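Work through the exercises below with the structure open. Each task is followed by its solution.

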Amino acid sequence: MKIRTEEFNSIAKKEINNAYARAFLGLLPPIIAMRRVQVMSSFPNPDQALKLSRAIRSESIARLPDLLEEFEQKATKSGAKVLWAKDAQEARKLVLSLIRDRGATFVTKGKSMVTEEIGLNEALEQAQIEPIETDLGEFIAQQLNRPPFHIVGPAINVPVEEIRDLFLREGIMKEDTTDPVQLGYAARIYLRDKFHHIKVGLTGVNMAVAETGTIINVENEGNIRFNKSSPITQISIMTPEKVVPSLRDAMHIIRLLCRSCTGQKISAYVTLDTGPKKAGEIDGPEELYIIIVDNGRSEIYANPRTREVLRCIRCGACLNTCPVYTKIGGYPYGWAYSGPMGQILNPLLLGLDRTQDLYRACTQCGTCRDICPGGIDHPALFLYYRSCDVEGNEKLAGKKRPRSERISFSLWGLAVKNKLLWNTALRLGRFLTKKYSSDGWLTNLGRLFPGWFKERDFPSISDSTFRERWKEMRKGKYGHP
Amino acid sequence: MSKVSLFIPCLVDMFAPSIGMATVAILERLGVETVYHDEQTCCGQPALNAGYGNYALEAARRFISIFGDDEVIVSPAGSCVYMIKRYYPELLEDDPLYPMAVDLSSRVYELSQYLVDVLDITDVGAQYEGKVAYHESCHILRGLGISRQPKVLLSKVKGTEIVPLFAAEMCCGFGGEFADRYHYISEEMVKDKVNNFQASGADVLITCEPGCYLNLNGFLHRQQENKKVLHLAQLLAGPEFQGL
């Protein structure tokens, strides 16, 4: 998948004028986000439920190395094979060799964001192995060759007419219809056939339980269950932070995950796998591989300031309420992860230099932090990334800001602690901006702040500031309020 | 008689001093003595937002040296209050001033919070004939957890009817630098807010945050709309405080 994080502004400017996507995005806060609020109220105490899930995620990350070890032990004991990949390349190699060794020419895939992150589909295609996405949204996005628009609904922005045309063109459907049920049915029949012959099925993992070595998938379509029950070999790919201490913890996270994600109390399918098919069982793969892909997580973990990023459970709630995401959609973020969760994760995985706009295109409104079941403070992380970028932090690939900006802030830094300098600057500013001022308002400031002045005015610096009015008032000249 | 120290942030001082004057007027009307330290400048939020934490730290140190001894600090700018409460202790984590920062943060109040929670006053004797809607500014609602206080104050204003605002808790698109750098996104956000304001049927939209005030009024002024946004203090203080 092509990384386009540096094209944020150009893609966003295009997408913000996409009327169809905008109409859909406009529904996210009042409908999906509201549904989340309603379903949260089914907890006896929603605040405590949220606190508990945050505590679980916090504990999971605090104990991450131990929990991973425990998970590996228990999963291995149950017959699964746990493999570790240090980065995307190693992960791709592992998957490819497992598939090749089994002589498979195609694989079916359940929805998995980490496979997007490591560019698995491209690698499979290059190796002449056909990856077949079986999640309806992923299937459509794959056919259209588009990046995911939303981490939960990757093709949720695609108009139904476009899906009809695609399905007719690709022979997935014969009848000309825009009935969503018929479209879903056509995809279902088409994909069902693939499952009948699979040797290898690939899935992601929603949670890995340390105490039992179980992997859990949460879904609504049943395709992941097929990917796990039909093949001879199941390969499930996860990043280390998916681990939770106990099954009990996992059950609570599922409650929050489903509510935060789709406003459901529970999704249509929740599957728990502890090892492959055992003697006497009818369903399930003969072998189960669990690949744990680090791909930068160890470094995220090692830095105490960034560690909380790993608490994310990929519910997507932060996208649905973000005032920026709900204007521009997922494409401008330029990679697998979008919205606030992508804005905190992508810069750490790709470097602050390549993701400049991701941690700046934020008003610090805090809706993401407020609803996050993982307890992540996204706005504070953005401030941290900005500071690391300014100082040119080497580990995070900070770029340093333009000279003009650095000079402006160093002057600001001098003035803020010196009353005389501050007041002189203010008076100078007032004098210099006089020529732009009319009736107490500025309609432009020459080359300064062109963005602001495009559709907005700004008050001129007051002829009598509060400081000046206060002095006058205390002298008794100004009418005492 | 209570005594409070005023923190009048730079945006109010320079661009909307009437919000500061309105704050003084309300407090004095209630018999609260106000002091204003002339040395105050800025809380440091613009620097912190832009990634210049070292300069924000300077601002924090200075703020503490000026306000450190005050028993109660009141400000009509929720965002700056949030800056002090949320980020000063973090900025000063390794600084000898850290205990002061923590201590100070418990003594800083946003205006409506001070009136309702500390003074236990809900009726400040204000009058306004018309409909008002309330915009839940981000740092006030989600940062400070303040929402009930401004509304209860509004409910006691004579002649005023409070009407609901759709998506009241949605950001207006200010965000400091954001509004310039990503103006094309910010414009869509401010338009939504103004459209919801129009649809609410309110005569004025009330906010407790100067940032939102400047953003929304800046947009309304350019669009030559008759309606305007007032800071809560301006509405409570009376018509002579409702200009810039």
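**Exercise 1.** How far apart do the C-alpha centres of domain 1 of chain B and domain 2 of chain B lie?

Solution. Start with the bounds: domain 1 of chain B spans 3-117 and domain 2 spans 123-241, as set by an automatic or database domain assignment. Their C-alpha centres lie 21 Å apart.

This is a predicted model: local features need pLDDT of at least 70, side-chain atom pairs count only at pLDDT 80 or more, and totals for chains, interfaces and linings use all residues. Residues are numbered from 1 along each chain as its sequence is written, chains are lettered from A and ligands numbered from 1 in the order in which they are written, and side-chain values use heavy atoms, with hydrogens and water left out.

**Exercise 2.** Describe the contact between the two domains.

Solution. Count residues: 29 of domain 1 of chain B are in contact with 27 of domain 2 of chain B (heavy atoms within 4.5 Å). Next, take the area. About 2,200 Å² is buried between the two domains of chain B, 72% of it from carbon and sulfur atoms (accessible area, 1.4 Å probe, that two parts lose on being put together, summed over both). On the domain 1 side, B:I19, B:R29 and B:Y82 lose the most area, together 21% of what that side buries.

**Exercise 3.** Which side chains meet in a salt bridge?

Solution. The count between the domains of chain B is one salt bridge (side-chain nitrogen of Lys or Arg within 4 Å of a carboxyl oxygen of Asp or Glu). B:R148 and B:D117 meet in a salt bridge at 3.1 Å, N to O.
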